[in-house]
Amino acid sequence: MKRGNQTGLAARMARLKPRIPERWHEQFDAFWNARSPREQAILGGGAVVLVLVFGYLLLWEPASVERARLTRNLPVLHADLAEMETLAQEARGLTASRAPTLRGDALTQALQDSLGQHGLKATRLMATGDNAIQLQLEKAPFGSVAGWLQDVRLQQRLKVTDARISYVGATALVNVTATLQGPGAGGH
């Protein structure tokens with residue numbers, strides 16, 4: 001039984017061998033045998049060098065160049081992925097929290113209340129046309145301002161379209177002038 005398997009394997013392997021015409025084989029043998037051992041060594045070495053050069057040019061170098069390109073682009077791709085994940089999370093949060101859209105005085109009052117919850121007081125809070133709010137805070141703790149802006153973005157679905165934040169000189173106190181834009185505005 002083993003003998004039959006070996007014969008079948010040998011037959012399959014023979015089919016995989018490249019079939020070189022007998023005439024070419026004879027011509028190569030005649031050419032090779034006509035060379036001295038020194039010439040055969042030089043030709044054999046040259047063939048090995050040629051195979052190595054072609055292997056390098058066709059396999060190694062393109063892979064190496066592509067690897068270097070991917071290594072250069074990987075940080076950019078990671079940053080793009082992080083930004084897309086952040087935007088997807090923000091989109092999920094906005095669709096999940098469909099807060100009623102307030103406008104005018106109701107929105108201004110809701111923002112005043114929200115500022116008070118964060119320990120902030122606006123020196124100017126004014127609704128403008130197109131569902132926008134202009135806001136000014138003086139000597140406000142930066143951490144409270146950042147937390148308030150995050151809450152306003154989630155609860156009222158307002159985003160900052162223009163902001164100027166300047167350091168006052170005291171520990172983490174800032175002056176803020178910002179424009180907040182609500183959903184459904186004409187610019188979107």
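Analyst: Strand β3 (residues 159-167) and strand β4 pair in the antiparallel sense, with eight bridges between them. "Pair" here asks for at least two bridges found by DSSP, and strands are DSSP runs of E of at least two residues, while helices are H or I runs of at least four, both numbered from the N terminus. Bear in mind that this is a predicted model, where local features need pLDDT of at least 70 and side-chain atom pairs count only at pLDDT 80 or more, while totals for chains, interfaces and linings use all residues. Residues are numbered from 1 along each chain as its sequence is written, and side-chain values use heavy atoms, leaving out hydrogens and water.

Along this pairing, R164 sits opposite T177 of β4. The β3-β4 hairpin has five residues between its strands, and there G169 takes a positive phi near 120°. R164 has another partner too: it forms a salt bridge with D162, with the closest N and O atoms 3.3 Å apart. To count as a salt bridge, a side-chain nitrogen of Lys or Arg must be within 4 Å of a carboxyl oxygen of Asp or Glu. D162 counts as partly exposed because its relative accessibility is 33%; the scale runs from buried (under 20% relative accessible area) to exposed (over 50%), with partly exposed in between, using a 1.4 Å probe and protein chains only.

β4 (residues 173-181) has β2 (residues 132-141) as a partner as well, again antiparallel and again over eight bridges. In β4, A178 is the residue that L135 stands opposite.

Now for helix α5 (residues 142-155), whose 14 residues reach 20 Å from first C-alpha to last, close to the 20 Å expected at 1.5 Å a residue. That expected span is 1.5 Å times one less than the number of residues. V145, W148 and V152 are buried in α5. They cover an arc of only 65° around the axis, so they lie on the same side of α5; the arc is taken from the directions from the helix axis to the C-beta atoms. Just past α5, R157 has a positive phi of about 60°.

Stepping back, the chain has five helices and four strands, in the order α-α-α-α-β-β-α-β-β along the sequence. Of its 188 residues, 15% count as buried.

How many salt bridges turn up in a search of the whole structure? Two, and besides D162 with R164 there is R69 with E66, at 2.3 Å from N to O. R69 and E66 are three residues apart in helix α3, so about one helical turn separates them. R69 is partly exposed because its relative accessibility is 33%, and E66 is partly exposed too, at 34%.

Helix α3 (residues 37-96) also holds Y56, which counts as partly exposed because its relative accessibility is 44%. Y56 is one of the residues making a nonpolar surface patch of about 1000 Å², together with V49, L50, V53, F54, L57, L58, L59 and W60. Patch residues have over 30% relative accessible area and no salt bridge, with nonpolar side chains (Val, Leu, Ile, Met, Phe, Trp, Tyr) joined within 5 Å and like charges within 9 Å. The areas come from the Shrake-Rupley method with a 1.4 Å probe, and for residues only the protein chains shown count as cover.
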